[in-house]
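Thanks for taking a look at this one with me.

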Amino acid sequence: MRKPSSDKKISGQSAFREFLRERKPMLDDVRHTVYLWKKTPLALVGTVIICLFLLVALFAPLLAPYSPIATDLSRKLEAPSAAHPFGLDQFGRDVLSRVIMGTRIEVSIIVIISVISIVIGLIVGIVAGYFGGIIDEILMRITDIFLAFPRLVLAMAFAAALRPTLTNAIIAISLVEWTVYARLARAEAMKIRSQPYIEAIRAVGASNIKIMVFHVLPMSISPIIVQLTMRMGTIILTAASLGFLGLGAQPPLPEWGAIVSDGRSYLMNNWWITAFPGMAIAVTVLGFNLLGDGIRDILDPRIRR
Amino acid sequence: MEQQRGDLLDISGLRVVFNTYAGQVKALNGVELWMNHGERLGVVGETGCGKSVTALSVMRLIEEPGEITSGALWFEGRNLAQLSENDLNSIRGKDIAMIFQEPVAALNPVMKVGAQIVENIECQRRSADAGQIPDKRAFSEIMRDMLGRVGLDWQRTENLYPHELSGGMAQRVMIAMALSSKPKLLIADEPTSALDVTIQAQILNLLNKLVRETQTAVLLITHAMGVAAQFCDFIAVMYAGNVVEYGSVQSIFRNPLHPYTKGLLNAVPKIGRTDELQSIPGIVPDLIDPPSGCRFHPRCPYRKPDCDTLEPTLRAAKTEPAADRHHVACFLYQNDA
Amino acid sequence: MELSSFILKRLILMVVVIFGVLIIVFVVTRIIPADPVGAILGGNAPPAAVDAMRHQLGLDKPIFMQLLDYLGGVLRGNFGNSLVSSRSVITDILEYLPATIELAISSIIFAVLLGTTLGLLSAVFRNRFIDHFSRVFSILGISLPGFWLGLILILFFYYRLGWLPSGGQYDMFLSPTRVTGLVLLDSVITGEWNVFFNAIKHLILPTFILGYSSTASIARIMRASMLDVLHQNYIRTARAKGLPKKTVILRHALRNALIPVVTIIGLEFGGLLSGAVLTETIFSWPGLGRYIVNSLLTLDYPAISGGTIFIALIYSVVNLVVDILYAALDPRMRA
Amino acid sequence: MNRKRKAIAGLLFLAALSVAVAANIPKDTLVVASNSEIFKSFDPGVCFEVEPSVYVKNIYANLVTLKMVDGAFTPVPDLAEKWEQSSDGKTWTFYLRKGAKFANGDPVKASDVEYSYRRAITINKSPAWLFKDTLGLTVDSIKAVNDTTVTIVTNGAPSNIVLSVLAANIGGVLNEKEVRAHEVSGDMGQAWLTDHSAGAGAYVLKEWKRKTQIVLTANKNYFNGEPPIKTIIVRDVPEASDRYLLLKKGDVDVAWQITVEQAASLRDKSEDVALISTPAQSLEYVAMNASWGPFKDNRVRQAVKYAIDYDAIINKVREGFAIKNQQFLAIGYFGYKESNPYKRDVEKAKKLLADAGYPNGFEVEIVTSESDIRRAEAVVVQSNLADIGIKSNIVVMPAAQMYDKYRNQGLQMIVAGWGIDYPDADALAKPFADYTVKQLAWRNAWLDDKAAAMTAAAAKEINDKKRAQMYIDLVQYWQVNGPFAMLYQPIEYWGIRKEVKGYDKAFEGYNVHCNFTLISK
């Protein structure tokens, strides 16, 4: 039994210690996550790559030595040199600046696709999980239909249907990506729906919509964020593949997949047009995957011990 | 140094630690244990006192993040702690066998039960007469005989999968498997704790019968004093990683010396006694930074000034006849503190 | 649940899904603001010829009518004729399907073998060099863009070293007899061993590129499930029996760890079919993937619908087979 | 013990694998790498794409064929020894050579010609309009008078048009007996002829494994004697870089559609591989929608024509694989007289724009297709227009979408090309100058009646000298007022191994004339 300290003298110091004691389980968890984080160097490497990727995207205009679309046919297909570390492409454009500006496009691709697919996924998932019954059955069958297609094939079909531009490619990929989040949100919603406190709130007169928004939604955010980091790698690859097939970003937009596709017939003598953007895709997607892998290991109870 | 105390097994100064994220758990703090051929030693203590860890350490089955930091594991003149992995493998399953608390979980879910027993027999035979071509049919015969001796109809049980067995049946299979290679020492890590009471008695009686026939020594890990008293010849009481008292069943029960043993015995309800049960005050210590000196001192009513600085060692208590081997690790009985 | 009713339910579900797929593909291809006929007849064709062809194909009818005609046709197994090859879509697909299946099967086998080994190694030697190496190697699998890596490998292995061919299913001078369309299988059936070895040489690079991307997810699942299995009690029993470490891992741990891996093979097969689209273009592989890409670029409606439906069909059938396999592998499911 | 066995099996396996990959190509075989994805059919009545028609020309013999004689296409006898044109110019009589046989040995009879041409009209596929509209033929126009004579009654089109059309794919003569034998539910053998052949040409179509390869074998009964190359294998290789690698490695003899840069590197310095080139039968142009905004005023159209840097496009974009030709007639065509009035003149263009009331220019959308070359041209035109104040953005569309908009006059500005159907001035004058035929002139909404009248008159003129002069006048008028800025006439090129001989002769005047029999190794 602790000696009760005198009332007057509860100093700030003991209040802080009190605050800490209440937070112990959470702090404990954070310490454990950091410990695991340090133990998996791969996740560290992933984090570093992603930070670099975001920084380059942020300061792209400053970093890019030349304009990504200025053509200079007189110097086309110049090999990499000090002035142009990544060399020039068949239109005489600086490949390095195109790759750097491309970072910004990749970030916008990821952000837009993630937002659209999460919004659709949440709506479909929560509604299906929360109401259950026939609504759940219908919505889930629709999800199954989208999942029946191999991802890229469906994205290609949508991209070809809408005129092949970057925005349409983004829409196409989002139409494919939402299914992942729908399933997650549905699982979360079904778990919460059966909680006793939901009955209590409903008894107090809260409408379904309010429950869904204020209770189900916040709970399903965390698994979705985790899934998001793992999906980003695939999103970039899908966008790049569409670009490669000519169904995605159109020139002169320096989307990485399109740059690789542009340069592929010059691979023999001017390898640099394809090599550097390809490497950029590889490193960035590698970063996201390492990050995602690290997160997955940390959260997977089986591996956590 | 040589094996002196028990001619079958002699554990001295065994220390085991677990490096977890929260810090280093000092699970065993110099365990002292010994037994002779054919004897039965019961290791009792509250959960978390390190009795299971001791059992696993004997066969060096401690996995990451645990590790044996020091101590000797003498077994018939050989120190298991220094043995190489394949030398140890020639002893595991052959000379020392083990059965566990969760019998169903201890069997491979995707392999038929009969096959798992045959695997054990085959493994022992191969190490024994390496030259000969393993005779599959003979091994099955032995397996069927063992299943019969543990009271199971082998025609039905042989082809079942572990999840198709009840707890009792699974433990019988484990016993059949363990004893199929006629080990010198059987380590039973809380074999009956997960079973309901009626099955517990059956299993213990079965074990008692089989083990007596083959004169196999048994190291029984249990938290039930009653089970230990009924089954074993000697008892070792463990507390927070140390053996605090060791001796024959009679001397321990008749004349418990260590305060913790006394507390344990008072906590056991006895038929006919209606007075209120006493519990031992305080809680089991946190083994990451255990109490200094004797780890029981914070809860010990007879605490003396040195108890929280010096660590008591297991010493023979002079009062009893040598046969009882009564030892205790407490400064109350070491006047040269 | 009895196995047969499990399959029945899945079959009904599959039919519903395929029906949905039919509708989606039709709608998607029809809202294209473009005129495939013009492209196919070529810019020079006079408008009269274009209109004649549009009428002939019924493209001038209202969308809803076209949908009914199309669904009627599909139910009778007639997916219409491809605007490009003017052959029935079914014949086209049946000609190209075996090549894609052969590539997909060899890639999934490669991915499973490589994936499980990597997963096993990184679980058994956790947090040591082998663990990090195999995880990076497998993660590279889903990070490297297949189309880019393919080009580079061709440049290296074909042009610089000349060890491997740059594309196609077999050498142009061989003319293997076609039985099922799967060149490897056919060459075994007909005993044409020169075709067999040649086909393998042609399979190596495409299989690596296509399979490599599935290796990562298989390796990850394998590692996680292996780590989980290694902590189970029956592994401790196996070690207590004095079994050598190798036997403990291969006979006890591996068999249990493989069960969850089976489930994602179905999913990975879908990934393979996506990947096939790119790999086939790079390696001039006469498969369904290339057929679909080309039909998308030339807006060949019937071919797009027929091709995508077939791919969806294969994908659903494979998933069903994998689920049944899962029940067969794990005795606990067979109760 | 079994470990040893496994090792041996492994070694065996590797040995089999490492056997030399580069199959060396026998002397009497020619291997071609091209992208045969878009090939539809080898049926002469159906095939209308440029590349497959190369093979159709070598599989089927025609009544008459075209050869490049000192820079101009000249009709030459093929199955028909000689022919006559009636006084009113409408009825043509063809006399077949004696003893000509089909590949399967059946003799070539006039009834085969009658059947082939009637079939082409009845199945009414893409090339059918050449017979029906251009020559005004109906099923009854073709009659076999006897076994060796055929009469064809046309709408009186000039001789050069009639003979050019008969020399095209659609004029290929089929073996009636064999085609009827393979007819399926009244399709007149179309399904069978897609990947089989029943012709009398130099080669026989042995096999077409789609997306893999096409195999042609020499026709032993060919009336001009069996060709030196016995087998032609056309490998389907969709990737341009693959085709180039195969050529450099020696796994193929000929590579089609390699990039301009690769072609330039072969032309300049390459030991084992040579470059063959010949002016192509197509034209590359920039067109303006004459009824859209500023382009309504001819001075604005003139300004654009003066703004474009033709030399930059020819030398930088096409690396010199192009000929400056600023009219709609291809070089060497009937009525062609060189005339390239436009040169890049920024001042003049600006002045014209100011006079037309657009001193600070305007904004326009340039549409083009996905090929690298087209996009490069659009990029150059974009910067050229910017120099005179016209702001433009480029929109790249797949062919299907582009044609849809273009056909409905929906585009403002386009960079595109026009392939020539038959080697006669009319085949170019009609689309480019006569809006009534609803082709290029119509698509760019240049509804100029004077030009339409001049084109129609020239098409009917019998007298060749007068007809030639009419085309020269039409070109002159068209260059001043037309909505087209002609960029160049492309030069077609192929990469070939040094050991292939006669390829340039065989492909001179490509795709009107391609004769594999001239090739040897």
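1. Confidence. Chain C averages a pLDDT of 83, and 93% of the residues score at least 70; pLDDT is the predictor's confidence in each residue, from 0 to 100. Within chain C, the lowest confidence falls in helix H2 (residues 36-41), with a mean of 64, and the highest in helix H10 (residues 233-240), at 91.

2. Ground rules. This is a predicted model, in which local features need pLDDT of at least 70 and side-chain atom pairs count only at pLDDT 80 or more, while totals for chains, interfaces and linings use all residues. Residues are numbered from 1 along each chain as its sequence is written, and chains are lettered from A and ligands numbered from 1 in the order in which they are written.

3. Make-up of chain C. Chain C holds 13 helices and zero strands, where helices (H or I, at least four residues) and strands (E, at least two) are DSSP runs numbered from the N terminus. Along its principal axes, the C-alpha trace of chain C spans about 85 × 55 × 40 Å.

4. Record annotations on chain C. An unreviewed UniProt entry places "transmembrane region" at residues 12-32, 103-125, 137-159, 203-222, 257-283 and 303-329 of chain C. UniProt positions are given in the numbering used here, feature names are shortened, and annotations may be inferred rather than shown by experiment. In the model, residues 103-125 of chain C are 96% helix and 0% strand, with end C-alpha atoms 32 Å apart. Residues 137-159 of chain C are 91% helix and 0% strand, and there the end C-alpha atoms are 25 Å apart. UniProt (unreviewed entry) also places "domain: ABC transmembrane type-1" at residues 97-326 of chain C; that stretch of chain C is 81% helix and 0% strand, and its end C-alpha atoms are 26 Å apart.

5. Chains A and C. Which chains have the most contacts among the five pairs that touch? They are chains A and C. Their contact takes 45 residues from chain C and 40 residues from chain A. Several helices of chain C each supply at least two residues to the side touching chain A, including H6 (129-143), H9 (193-230) and H11 (245-282). The largest share of this side, eight residues, comes from H1(C). By class, the side of chain C that touches chain A has 32 nonpolar, ten polar and three charged residues.

6. The axes of H7(C) and helix H8 (residues 240-249) of chain D come within 11 Å and cross at roughly 5°. Axes are lines fitted to C-alpha atoms, for helices over the stretch in contact, and angles run from 0 to 180 degrees between N-to-C directions. H7(C) and H8(D) are therefore roughly parallel to each other, a label for angles under 35 degrees. C:Leu151, C:Ile154, C:Tyr158 and C:Tyr159 of H7(C) make this contact with D:Ser241, D:Asp242, D:Leu245 and D:Lys249 of H8(D). By class, the contact has five nonpolar, one polar and two charged residues.

7. Chain D. Chain B and chain D do not touch, and their nearest C-alpha atoms are 16 Å apart. The domain assignment of chain D gives domain 1 (21-250 + 498-518) and domain 2 (282-492), whose C-alpha centres lie 32 Å apart. The contact takes 15 residues from domain 1 of chain D and eleven residues from domain 2 of chain D.

Definitions and conventions. Domains from an automatic or database assignment. Contact = placed C-beta atoms within 7 Å. Nonpolar A, V, L, I, M, F, W, Y, C, P; charged D, E, K, R; others polar. Parallel < 35°, antiparallel > 145°, perpendicular 65-115°, else oblique.
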